[in-house]
Amino acid sequence: MATRTFDAIVVGAGPGGYVAAIRLAQLGKRAALVDREALGGVCLNWGCIPSKALIAAANLVEDARGAAARGITAEPQLDVEKLRQFKREVVKRLVSGVGLLEKGNGVEVVEGVATLAGPTAVEVALREGGAARLEAPAIVVATGARPVKVPGFEVDGKDVWGAREAVDLPEIPGRLVVVGGGVIGLELGTVYAKLGSKVTIVEALPALLAGVDPEAVRLVQKGLRQRGVTVHLAARAAGVERRGGELTVALESEGKPVPVACDKVLVAVGFGPASDRAGLARLGVKLGPKGFVLVNERMQTSVPSVYCVGDLCGPPLLAHKAFKEGEIAAEAIAGKKSVRDWIAMPAAVFSDPEVASVGLSEEEARAQGYEPVVGKFPFAALGRSIAIDHTEGFVKVVGDRASKLLLGATIVGPEASDLVAEAALALEMGASLEDVALTVHAHPTLPEAFMEACKAALGEAIHALNRPERPRRAAGGAATGGGGGAE
């Protein structure tokens with residue numbers, strides 16, 4: 001087995017890994033990037049990117065069908081094979097782009113299965129056959145996460161799908177049961193509902209989208225009902241039976257059995273860390289109670305030469321978090337004073353309506369000792385929203401009553417995933433509610449809603465009535481009040 005030396009080795013070419021390799025090369029380090037599958041990892045090949053291509057197509061179908069009120073009558077015809085090919089071309093183009101970036105920056109890409117042979121060595125079973133040994137004073141592990149398995153719902157790619165199968169669009173089933181009411185389940189369930197499937201979503205918890213603002217979740221659930229989606233909450237999916245050409249999912253809801261007939265099942269209950277890959281245990285790398293790798297602020301594990309980034313080192317499991325952590329690890333290896341010290345880490349759910357958030361919720365702000373003030377502005381009062389006929393939802397901001405510092409924002413409505421970027425920038429720069437309120441926003445645009453929400457928190461909303469704040473109960477039971485314009 002031939003041995004080759006580098007300044008750093010990156011194991012895993014998903015969002016965290018491929019970014020780490022590029023940044024290492026930019027900083028003058030000779031880097032190798034090893035992966036068992038395609039560049040870009042789950043996000044680019046089977047997750048974020050292909051799902052958004054399908055979501056955009058499904059939105060187009062729904063918009064066309066609902067355009068009669070605007071004088072446009074159309075009944076779109078879906079060509080599944082062409083849509084599948086479009087999605088594959090999107091993925092192919094981006095995977096190719098990542099490859100060009102790695103090559104252009106001088107990163108050596110090694111295709112194969114990597115195993116840590118020591119704190120400074122990696123052995124690779126090459127995809128083309130044979131093996132190689134790579135050595136470097138620093139190793140970045142970015143092997144990501146894998147779907148959580150549900151007993152009784154083993155993914156077979158035929159009757160029972162995982163997200164990977166669902167984004168490949170094998171068919172549009174007449175009836176689809178989605179096990180899991182989190183981000184992936186709702187996004188893909190909504191796609192199939194818009195493309196013609198009768199969708200049933202089963203969630204074990206009492207609410208969809210755990211951890212998301214309940215007011216936003218209610219609007220998402222309303223959207224599901226409008227599309228004919230059935231939702232079972234606090235329900236347990238016990239298993240699936242096959243009888244002839246039909247499947248039956250056995251549910252348990254409110255202590256009673258509820259059989260649901262369907263044609264396909266999509267299992268989407270989340271992801272867990274792939275910490276058993278790459279031989280981390282052999283090196284004694286410490287893991288947390290849920291199997292995520294423990295790291296310090298420089299993304300360094302308990303083994304000083306080994307760094308970890310992305311989903312493998314814990315929630316939130318977001319590609320953009322992995323991007324940032326990949327940069328931090330690379331810069332730490334290169335001797336820079338980079339640390340994981342961000343203030344704003346936005347999150348977005350591409351449901352319909354979309355939901356995005358960043359920073360603290362009202363409850364989180366209060367728990368951290370702030371006296372929060374809340375401003376809210378509905379898209380139904382926004383000129384651009386009315387003009388494009390997407391008026392569902394709102395922008396809600398949370399600030400500190402005393403200092404007027406912006407603490408967080410939740411957006412539910414059209415293009416929420418794009419709109420949250422301004423809120424993230426404002427938080428990262430330490431902006432106050434007044435800073436945003438005083439910033440002139442182009443009209444008519446969707447981002448005006450963020451400005452108006454900040455004005456509302458100050459009691460200065462122009463395009464909405466400034467309501468006196470409702471008294472709130474403090475911890476001791478006394479009512480608390482405040483100035484006009486906020487909630």
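User: Which ring lies under the charged end of Arg-164?

Analyst: The charged end of Arg-164 sits over the ring of Trp-46, 3.7 Å from the ring centre. Bear in mind that this is a predicted model. A second contact of this kind involves Lys-376, whose charged end sits over the ring of Phe-394, 4.5 Å from its centre.

User: How should I read a salt bridge, and how many does the structure hold?

Analyst: Side chains of opposite charge can pair when their charged atoms come close. The structure holds 32 salt bridges. One of them joins the side chains of Arg-84 and Glu-81, with an N to O distance of 2.3 Å.

User: Where do Arg-84 and Glu-81 lie?

Analyst: Both are in helix H4, which covers residues 80–104, and they are three residues apart, about one turn of the helix. Arg-84 is buried at a relative accessible area of 12%, while Glu-81 is partly exposed at 41%. The cut-off for buried is under 20%, so Arg-84 qualifies.

User: Which residue forms a salt bridge with Lys-87?

Analyst: Lys-87 forms a salt bridge with Asp-168, and their closest N and O atoms are 3.0 Å apart. Lys-87 belongs to helix H4, whereas Asp-168 is in the loop between helix H5 (163–166) and strand S10 (175–179), so the pair ties together parts that are 81 residues apart in sequence. Lys-87 is buried, with a relative accessible area of 5%, and Asp-168 is partly exposed, with 27%.

User: Is Arg-243 buried or exposed?

Analyst: Arg-243 is exposed, with a relative accessible area of 62%. Its side chain meets that of Glu-241 in a salt bridge of 3.2 Å, N to O. Glu-241 is partly exposed, at 40%.

User: Which residues are linked in a network of salt bridges?

Analyst: The network links Asp-156, Lys-158, Asp-159, Glu-171, Arg-242 and Lys-264.

User: How do I read an aromatic pair, and how many does a search of the whole structure find?

Analyst: A pair of aromatic rings is described by the distance of the centres and the angle of the planes. The search of the whole structure finds two aromatic pairs. In one of them, Tyr-18 and Phe-323 are edge-to-face, at 6.1 Å centre to centre and with 70° between the planes. This pair links distant parts of the chain, 305 residues apart: Tyr-18 is in helix H1 (residues 15–26) and Phe-323 in helix H9 (residues 319–333). Tyr-18 is buried, with a relative accessible area of 14%, and Phe-323 is partly exposed, with 29%.

User: Why is the pair of Trp-161 and Tyr-192 tilted?

Analyst: The ring centres of Trp-161 and Tyr-192 are 5.7 Å apart and their planes are at 50°, so the pair is tilted. Here too distant parts of the chain are linked, 31 residues apart: Trp-161 is in strand S9 (residues 160–161) and Tyr-192 in helix H6 (residues 183–194). Both Trp-161 and Tyr-192 are buried.

User: Which cysteines form a disulfide?

Analyst: A search of the whole structure finds one disulfide. Cys-43 and Cys-48 form it, with their sulfur atoms 2.3 Å apart. The torsion about their S-S bond is about -130°, so the disulfide is left-handed. Cys-43 is buried at 14% relative accessibility, and Cys-48 is partly exposed at 28%.

User: What is the closest cysteine sulfur to that of Cys-308, and how far away is it?

Analyst: That sulfur is in Cys-313, at 4.3 Å, which is too far for a bond. The cut-off for a disulfide is within 2.5 Å. Cys-308 is buried, at 1% relative accessibility. Another cysteine, Cys-454, is buried with a relative accessible area of 0%.

Methods. Residues are numbered from 1 along each chain as its sequence is written. This is a predicted model: local features need pLDDT of at least 70, side-chain atom pairs count only at pLDDT 80 or more; totals for chains, interfaces and linings use all residues. Side-chain values use heavy atoms; hydrogens and water are left out. A salt bridge is a side-chain nitrogen of Lys or Arg within 4 Å of a carboxyl oxygen of Asp or Glu. Helices (H or I, at least four residues) and strands (E, at least two) are DSSP runs, numbered from the N terminus. Buried means under 20% relative accessible area, exposed over 50%, partly exposed in between (1.4 Å probe, protein chains only). Rings of Phe, Tyr and Trp (its six-membered ring) pair if their centres lie within 6.5 Å; planes under 30 degrees apart count as stacked, over 60 as edge-to-face and the rest as tilted. A charge sits over a ring if NZ of Lys or CZ of Arg is within 6 Å of the ring centre and within 35 degrees of the ring normal.
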